[in-house]
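Dear colleague,

Please find below the structure that I am handing over to you.

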Amino acid sequence: MTGRNQNVVAEFLLLGLPIESEHRNLFYALFLAMYITTVLGNLLIIVLICLDPHLHTPMYLFLSNLSFSDLCFSSVTMPKLLQDMQSQDPSISYAGCLTQMYFFLFFADLEDFLLVAMAYDRYVAICFPLHYTTIMGPRLCSFLVVLSWVLTTVPAMLYTLLMARLCFCADNVVPHFFCDMSALLKLSCSDTQINELVIFVVGGLIIVLPFLLIIMSYARIIFSILKVPSVKGICKAFSTCGSHLTVVSLFYGTIIGLYLCPSANNSTLKETVMAMMYMVVTPMLNPFIYSLRNRDMKGALRRVFCKKKFHFFL
């Protein structure tokens, strides 16, 4: 290849966000506040689930893993983005770029699989309420969590290894605020057909198959509710599934808008905005969705707070 005879880049320059210099400090403060909110909100959910025995149920086991995934997912890119916004040298090493890409793919896929496990949990809870504790036993729940973590390792590692085999030459400017896989492929001076084929096949399966499983779960839920239509049953089903449906809509809505609805105009700006939505906004909103709409989480917060207050006065 001609690229192998040229200098291989040792680092990449992240172009960052299209923000004018006079507004940079304002957006820096905004993104910093959003990141702190994401970290504190997801940590609060994890701590409450660990401390309150009432939350030691399958649904909250999945939720604690989802919160940890959101926390790590946002931490993969946000600290670097905040650093670059205050630095005159927005560079990232070649190894650092591949590492960031790996963990970005890992935690994005992990959230994808965890949402499927949560949808199955809601399906069993509504369609088989009398057998819920039997079906969703500790062994099955642990298996679903471990399976989610294991399955995410394979595609993330595969994509990273395929990216590592490519050669990057003179152009090292990434038109994004993180090491996006599609942006890196455009900079490569090697043949990227294998990478693109794997992304199309494996990536399509990872996005489409879990989404179809979630749709099937909720189709069965709706069918079960319609068999015994009642206002009480509908309200109970909505309270059980409302938070999960909201998170699914946010997660898949941004992915569909970014990858399945391409636009010819301002494609780079659109990709940046949509990436900010599912990498920054969604992880920040998830704790509010699950805490403000959930009586169990509010009750756990009161019990933990009252216990700490009681021990303080003793």
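L51 is partly exposed, with a relative accessible area of 43%. On this scale buried means under 20% relative accessible area, exposed over 50%, and partly exposed in between, with a 1.4 Å probe and protein chains only. Between L51 and A300, which are 249 residues apart along the chain, the C-alpha atoms are separated by 8.6 Å.

Please note that this is a predicted model, in which local features need pLDDT of at least 70 and side-chain atom pairs count only at pLDDT 80 or more, while totals for chains, interfaces and linings use all residues. Residues are numbered from 1 along each chain as its sequence is written, and side-chain values use heavy atoms, with hydrogens and water left out.

Overall architecture

The chain has ten helices and three strands. Along the sequence they follow the pattern β-α-α-β-α-α-α-β-α-α-α-α-α. Of the 314 residues, 47% count as buried. Among the contacts in the chain with a separation of 6 or more, 79% come from residues 24 or more positions apart; contact means heavy atoms within 4.5 Å.

Helix packing

Axes are lines fitted to C-alpha atoms, for helices over the stretch in contact, and angles run from 0 to 180 degrees between N-to-C directions. Angles under 35 degrees count as roughly parallel, over 145 as roughly antiparallel, 65 to 115 as roughly perpendicular and the rest as oblique.

Helix α1 (residues 24-51) packs against helix α2 (residues 58-85) at an angle of about 155°, and their axes are 9 Å apart. That makes α1 roughly antiparallel to α2. The contact of α1 with α2 has 19 nonpolar, six polar and two charged residues. In this classification Ala, Val, Leu, Ile, Met, Phe, Trp, Tyr, Cys and Pro are nonpolar, Asp, Glu, Lys and Arg are charged, and the others, Gly among them, are polar. The crossing of α1 and α2 is left-handed; this term applies if the near helix is turned anticlockwise from the far one by less than a right angle, and right-handed applies if clockwise.

The axes of α2 and α5 come within 10 Å and cross at roughly 20°, and the two helices are therefore roughly parallel to each other. Their crossing is right-handed. On the α2 side P58, L61, F62, N65 and F68 take part, and they meet C141, L144, V145 and W149 in α5. The residues of this contact divide into eight nonpolar, one polar and no charged.

Helix α5 (residues 138-164) also packs with helix α7 (residues 193-227), at an angle of about 170° and with axes 11 Å apart. These two helices are therefore roughly antiparallel. From α5 the contact draws on P155, L158, Y159, L162 and M163, and from α7 on I194, N195, V198, I199, V202, G203 and I206. By class, this contact has ten nonpolar, two polar and no charged residues.

T38 lies in helix α1 and is buried, with a relative accessible area of 0%. Leaving aside residues up to four places away in sequence, T38 touches D70, S74, V280, P283 and M284. D70, in turn, has its place in helix α2 and is buried at a relative accessible area of 1%. With residues up to four places away in sequence again not counted, D70 touches T38, N42, E111, P283 and N286.

L32 is also in helix α1, and at 30% relative accessibility L32 counts as partly exposed. L32 and L82 are 50 residues apart in sequence, and 7.1 Å apart in space from C-alpha to C-alpha.

Aromatic rings

Rings of Phe, Tyr and Trp (its six-membered ring) pair if their centres lie within 6.5 Å; planes under 30 degrees apart count as stacked, over 60 as edge-to-face and the rest as tilted. By this rule there are 19 aromatic pairs. The rings of F251 and Y252 have centres 5.2 Å apart and planes at 90°, so this pair is edge-to-face. F251 is buried, with a relative accessible area of 3%, and Y252 is buried, with a relative accessible area of 3%. Elsewhere, ring pairs link F68, Y102, F103, F106, F107 and W149 into a cluster.

Yours sincerely

Terms used:
Helix = DSSP H or I, 4+ residues; strand = E, 2+ residues; numbered from the N terminus.
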